[in-house]
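Subject: Structure handover

Hi,

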Amino acid sequence: MKNKIFFITLIVLINTSFNASAANKVEKKHKVDAKCHVELADGKQVIYFATVKENRINKLIDTLVNRKIPTPFTSKKQQVKRAFECVLLDAKFNSAQANQLFDKQPR
């Protein structure tokens with residue numbers, strides 16, 4: 001009897017742990033909106049909007065440098081010289097200058 005109770009408890013605990021780890025993996029795969037404070041090759045600083053997987057948001061800043069992105073100034077894409085910071089769309093930037101740029105951004 002004790003063995004049956006122990007065995008059933010063990011199965012329930014294992015099943016619960018697998019369900020929790022599967023839920024964590026699913027959450028990280030959905031896409032989120034992000035905004036990045038970047039400097040273009042011509043020296044202008046702009047806010048770039050992107051949609052990326054949630055687990056890639058921290059790596060987005062590294063992938064933007066030397067990449068061509070669409071800007072509101074021209075129909076042609078412009079190259080990113082430097083990326084300062086990337087955050088979720090709902091979050092505030094750490095930099096006051098980036099927050100001012102975002103507030104001036106046309107919506």
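First, the ground rules. This is a predicted model, so local features need pLDDT of at least 70 and side-chain atom pairs count only at pLDDT 80 or more, while totals for chains, interfaces and linings use all residues. Residues are numbered from 1 along each chain as its sequence is written, and side-chain values use heavy atoms, with hydrogens and water left out.

**Overall layout**

The protein chain has three helices and four strands, and from the N terminus on they run α-β-β-α-β-β-α. Helices (H or I, at least four residues) and strands (E, at least two) are DSSP runs, numbered from the N terminus. Of the 107 residues in the protein chain, 27% are buried. Here buried means under 20% relative accessible area, exposed means over 50%, and partly exposed is in between (1.4 Å probe, protein chains only). As for contacts (heavy atoms within 4.5 Å), take those between residues at least 6 apart in sequence: 53% of them join residues at least 24 apart.

**The aromatic pair**

A search of the whole structure gives one aromatic pair. Phe49 and Phe102 make it, with 6.1 Å centre to centre and 55° between the planes, which counts as tilted. The cut-offs are these: rings of Phe, Tyr and Trp (its six-membered ring) pair if their centres lie within 6.5 Å, and planes under 30 degrees apart are stacked, over 60 edge-to-face, the rest tilted. Because Phe49 lies in strand β2 (residues 45–53) and Phe102 in helix α3 (residues 96–104), the pair ties together parts that are 53 residues apart in sequence. Phe49 is partly exposed at 38% relative accessibility, whereas Phe102 is buried at 14%.

Phe102 has a charge over its ring too: the charged end of Lys35 sits there, 3.7 Å from the ring centre. For that I required NZ of Lys or CZ of Arg within 6 Å of the ring centre and within 35 degrees of the ring normal.

**The salt bridge**

There is one salt bridge in the structure, meaning a side-chain nitrogen of Lys or Arg within 4 Å of a carboxyl oxygen of Asp or Glu. Arg82 and Glu39 form it, at 2.6 Å from N to O. Arg82 is in strand β4 (residues 78–88) and Glu39 in strand β1 (residues 31–40), so this pair links distant parts of the chain, 43 residues apart. Side chains of opposite charge can pair when their charged atoms come close.

Not counting residues up to four places away in sequence, Glu39 touches Lys44, Gln45, Val80, Lys81, Arg82 and Phe84.

**Helix α3**

Back to the helix that carries Phe102. Ala98, Asn99 and Phe102 are its buried residues. They cover an arc of only 100° around the axis, which puts them on the same side of α3; the arc is that of the directions from the helix axis to the C-beta atoms. On the other side, Ala96, Asp103 and Lys104 are exposed. What do the buried residues of α3 pack against? They pack against β1 and β2.

Ser95 caps the N-terminal end of α3, with a side-chain oxygen 3.2 Å from the backbone nitrogen of Gln97. This is a polar contact, i.e. a pair of N or O atoms within 3.5 Å; within protein, one must be able to donate a hydrogen and the other to accept it, and residues adjacent in sequence count only if both atoms are side-chain atoms.

**Loop residues**

- Asn66, in the loop between α2 and β3, has a positive phi of about 70° although it is not a glycine. Asn66 is exposed at 56% relative accessibility.
- Val65 lies in the loop between α2 and β3 (68–69) and is partly exposed at 36%. Its C-alpha is 5.6 Å from that of Arg82, 17 residues apart along the chain. Leaving aside neighbours within four places in sequence, Val65 is in contact with Val80, Lys81 and Ala83.
- Asn58 sits in the loop between β2 and α2 (60–64) and is exposed at 65%. Asn58 and Leu88 are 30 residues apart in sequence and 10.0 Å apart in space, C-alpha to C-alpha.

Cheers
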